[in-house]
Structures are given as C-alpha cells and as structure tokens.
Amino acid sequence: MADDEPQGHHHALPLLKALREASKALQNTPIATIYNHHDTNAAIENLLELATQADHIISTDPTLFQLAQLLNNLKTLLDHLEKLQSHGLRSLLRRQVTNYNISKAGYAIEAQVQSYIDRRNVESFVQTMNDSEEDGEKVEALVGLEARLARGFDKEYQELILKAKVFSIVEFVICESLLSNWVKDQAAVVVLALVQFNKDVFVGLVLMGPIIRALVSMGSCRSIQVLTSLVRIIRTPLVDDINEEIPRIIGLLGAEELKIKAAAMNCVFEIGILAREEVIEAMLGADLVKKLMDLQRLEMKGEFKEDEGVERFPFLGCVAGFAVQVDVGEGLEKSEKREVKLEILKRIREASVSEAEAATVVSDVLWGSSA
C-alpha cells in the first residue's frame, strides 16, 4: 500500500493520481493572466485531458459521483473564462471571480480524489492485516498507514480509521505473540503516529488497553523508543499508570544489545522527569542505581563497542544524569526531591566498587543537581 495506492483499483490509480497532482497545479496557476495572453498552459491542458479520460472510469463508480460533478463544473468554468477576453472593467472582474472559482474547484477535486484513495487504502489495510500471512505485506500496509497519519490531522480520515477499527487491529498486532518483531515494531510506530495524529482520541485508547504492557514485553529497541515518545506526549497520566512495568523496563538495562540498553536508559530518564514518589521508589527498588553504576563503569573501561544508531559513550555520567532529571522534574515536591537525592547517594555508595568511585559519582550527582 505504498504511495497512496488503492489496491484492487489499479486501472484507475494512474489517472486518479494524475488528477490529484493536476488539481494541485491548477490551484497555483495564474489562469486569468495566461488566458489574457492567449498562452497555452500545460497544467490546464493536462487537467482537461485527464477529465475527459476520467469520464468512463468515474461514471461507473458511485463513490466518485461528486468528483464527476466537480470535473464537469470545472470544464464549464474554463469555457466561460475563455470567453471573457475583453479588456473592460466588467470583463476583468468576471475573470477574477471565475479564476477564484477555478482555484476552489482545484482544491475540491484534490480533496475528492484523496478521499477516494483514503477509503480504498483503509479497506486494503484492513484486508491485508486480517488475511495476509506475509510479514512483508503487513509491514508495507503499516508503513503506508503511518505515512498517511504523518500528513497531519484530517477529520474525514479519522472517521474512516475509527469506523474501520484500525486502532484495534494495530493493538492486536502488538499484543499477538505469534507475529514477528518486525511486524510488531512497525505496529508500535503506528500507535505513536495515531497519538500524534489526534491525542484527544487515541491517548485514551492507549491508556485503557494493553499496549503499554505489550511494548515493554516486546523489549525491542523500537518498542522502547515508542514507549519513551508516548511518555513524552502523554506525560503524567501514563507515568502514573506504568508502575507495574518499572522492573521490566529497568531490566532492559541488562539487555545484550547496546541499543536496547540505551533506549531503556532514555526511557527511564523520561519517566524520571514526571514520576511521583511511588514511581521513583519503584525505580530505586528495582536496583536502578546499581544497574546505571554498572553501565557507567563498563563505559569508562571501554567495554562497549560502537553501535549504529547509538550516540558515542551513552552511559557516561548516567547516574548523575538520572539524579538531575528527578531533581529538575515536576513529579516531586521539594522535600521529596531531597529525600530521593539522599537515597540515590546512599545507593551509589553501596553499589561502588571503591571509595574513589563512590566519591567521584557522588560529586557528579551533587554538582550536577546544583548546577
């Protein structure tokens, strides 16, 4: 489902896409000036030709009836414009009005064509996700959906995906253990795209369902990156609801892949900014400080090889980094922040392998949080 292609309608696809592009060109073309100078404009000629070719396709599809009317109206407007060639004031004003109506028709044609393509693509998406056994086809369908959502909010498109229960389909993919991580990772990206498309509608669905738990269970770099982005967007309502998943998120700091370790650390930091006391307690209770100390120590020893997509030395200063996130965050009162800092310092000393290491990290925390 790449590039807005409505599957099953390949005979109409080239013409519909060409009509859409021609309508865009028409919206920005100074038609009145061109006709005044008896010039030939490629955009106008192209759209007129396409409109003629479209008659036999559009007339057979009831869902394209309004598009057919718009094309016929456009032909009438263009014919009328050609007749307004005198240089009188009345003719000039009529040309301007006609030119404005032609531009409006261009926008309306583009909207109708896009609406048709959207309907076909949503139908194709549902069919592919329900019936296809090929991971590649599912991923392609998910990528196409993400690309369409990334174009920004569209009320009509939202109605389409809600009616088609697209969110439920994507949720099922993420939670279905038998599907590959390739498919599930892309489904996770689509969830983020849906939330970005309209937070008012899709944040509630995310919080009420099993998606957050499933993202943590997946434990992939992509799923944790999506979780981090969701925390950044949804903020306190999500962090307040994530308590039970804290041990598993922190457990990913011990993953074999460097990029998963780094993604988990970034997620922990993002949670730390917003977390209330009980969430911070859960994080510290899951040996977060010790795990960060271990990562920082290994980083200092040069134990980690560079990994594509991960910044160099991601764990340098990570213990102080977490402490700073909590200290400047908005989840704790001042008194609670002081207590948490003391607890972090205590755990640093317990996790240190030497007095020198403890002194260095403690100093980093104290200086970092006071900066």
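1. Glu21 and Lys24 form a salt bridge, with their closest N and O atoms 3.6 Å apart; the term denotes a side-chain nitrogen of Lys or Arg within 4 Å of a carboxyl oxygen of Asp or Glu. Both residues belong to helix H1 (residues 13-27), where they are three residues apart, about one turn of the helix. Helices here are DSSP runs (H or I, at least four residues), numbered from the N terminus. Glu21 is partly exposed at a relative accessible area of 41%, and Lys24 is likewise partly exposed at 30%. In this scheme, buried means under 20% relative accessible area, exposed over 50%, and partly exposed in between (1.4 Å probe, protein chains only).

2. The model is predicted, with local features requiring pLDDT of at least 70 and side-chain atom pairs pLDDT 80 or more, whereas totals for chains, interfaces and linings use all residues. Residues are numbered from 1 along each chain as its sequence is written, and side-chain values use heavy atoms, with hydrogens and water left out.

3. Arg120 is paired with Asp61 in a salt bridge whose closest N and O atoms are 3.4 Å apart. This pair connects distant parts of the chain, 59 residues apart: Arg120 lies in helix H5 (residues 89-131), and Asp61 in the loop between helix H3 (42-58) and helix H4 (65-83). Arg120 is buried, at 13% relative accessible area, and Asp61 is also buried, at 14%.

4. A further salt bridge joins the side chains of Arg312 and Glu306, at 3.3 Å from N to O. Arg312 is exposed, with a relative accessible area of 55%, and Glu306 is exposed as well, at 66%.

5. Lys290, Asp294, Arg297 and Glu357 are connected in a network of salt bridges. The count of salt bridges comes to 15.

6. Turning to helix packing, helix H8 (residues 166-175) packs against helix H11 (residues 211-218) at an angle of about 35°, with the axes 9 Å apart. The axes are lines fitted to C-alpha atoms over the stretch in contact, and angles run from 0 to 180 degrees between N-to-C directions. The crossing of H8 and H11 is left-handed, that is, the near helix is turned anticlockwise from the far one by less than a right angle.

7. In this packing, Phe167, Glu171, Ile174 and Cys175 of H8 meet Ile211, Ala214, Leu215 and Met218 of H11, contact being heavy atoms within 4.5 Å.

Technical notes: Helix = DSSP H or I, 4+ residues; strand = E, 2+ residues; numbered from the N terminus.
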